[in-house]
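I opened the model to look up salt bridges, strand pairing and the core. My entries follow in the order I made them.

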Amino acid sequence: TVTVGPNPFEETTLFTIDGWNGKVPTIHIYDVTGRLLEQQQFHNSKLLFNKAQLSVGVYFYQIEADGVLLSDGRLLIQ
């Protein structure tokens, strides 16, 4: 189970994965055209994502580990 909050967010949001015991997950952030913008590894089961240089708008994420798609969804930066 993956939770993201808050979403929408202004500066940071927290991704939390429950029940995963495989390799360290990686998150991929894409813009609306499908272009990969960022890639980060989780620390244990959590990742505090900072928008850094991303503008206000809609983005998409995929979380993968061990070749398995754990979660995907939409992020809204305000």
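I began with the side chains of Arg-35 and Asp-31, which meet in a salt bridge at 3.1 Å, N to O. By salt bridge I mean a side-chain nitrogen of Lys or Arg within 4 Å of a carboxyl oxygen of Asp or Glu. Arg-35 is exposed, with a relative accessible area of 52%. Asp-31 is buried at 12%. My cut-offs: buried is under 20% relative accessible area, exposed is over 50%, and partly exposed is in between (1.4 Å probe, protein chains only).

Two notes on the basis. This is a predicted model, where local features need pLDDT of at least 70 and side-chain atom pairs count only at pLDDT 80 or more, while totals for chains, interfaces and linings use all residues. Residues are numbered from 1 along each chain as its sequence is written, and side-chain values use heavy atoms, with hydrogens and water left out.

How many salt bridges does the structure hold? I found two. In the other entry, the side chains of Lys-23 and Asp-66 meet at 4.0 Å, N to O. Lys-23 lies in the loop between β2 and β3 and Asp-66 in the loop between β6 and β7, so this pair ties together parts that are 43 residues apart in sequence. Lys-23 is exposed at 56% relative accessible area. Asp-66 is partly exposed at 44%.

Next I turned to strand β3, residues 26-30. Four of its five residues are buried. Strands here are DSSP runs of E with at least two residues, numbered from the N terminus. I call two strands paired if DSSP finds at least two bridges between them. β3 pairs with β4 (residues 36-41) in the antiparallel sense over five bridges. Thr-26 has Gln-41 of β4 as its bridge partner. The two strands form a hairpin with five residues between them, and Gly-34 in the turn has a positive phi of about 90 degrees. β3 also pairs with β6 (residues 57-65), antiparallel, over five bridges. There Ile-27 stands opposite Ile-63.

I checked Val-32 in the loop between β3 and β4. Is Val-32 buried or exposed? Val-32 is exposed, at 60% relative accessible area. Leaving aside neighbours within four places in sequence, Val-32 is in contact (heavy atoms within 4.5 Å) with Val-58 and Phe-60. Val-32 and Phe-42 are ten residues apart in sequence and 23 Å apart in space, C-alpha to C-alpha.

Then the core. In soluble globular proteins, nonpolar side chains tend to be buried together. I define a nonpolar core as a set of buried Ala, Val, Leu, Ile, Met, Phe, Trp, Tyr and Cys residues joined through side-chain atoms within 4.5 Å. The largest one has 14 residues, of which Phe-15, Ile-27, Ile-29 and Leu-75 touch the most other members. β2, β3, β5, β6 and β7 (68-77) each supply at least two residues of this core. β6 gives the most, with three. Not counting residues up to four places away in sequence, Ile-29 touches ones including Phe-49, Leu-54, Tyr-61 and Leu-75.

Last, I noted an open sheet of three strands, ordered β1-β2-β5 with antiparallel pairing. β1 (2-5) and β5 (46-50) stand at the edges with a single partner strand each, so one side of each is left without a neighbour in the sheet. β1 and β2 (residues 12-17) are joined by four bridges. Val-2 has Ile-17 of β2 as its bridge partner.
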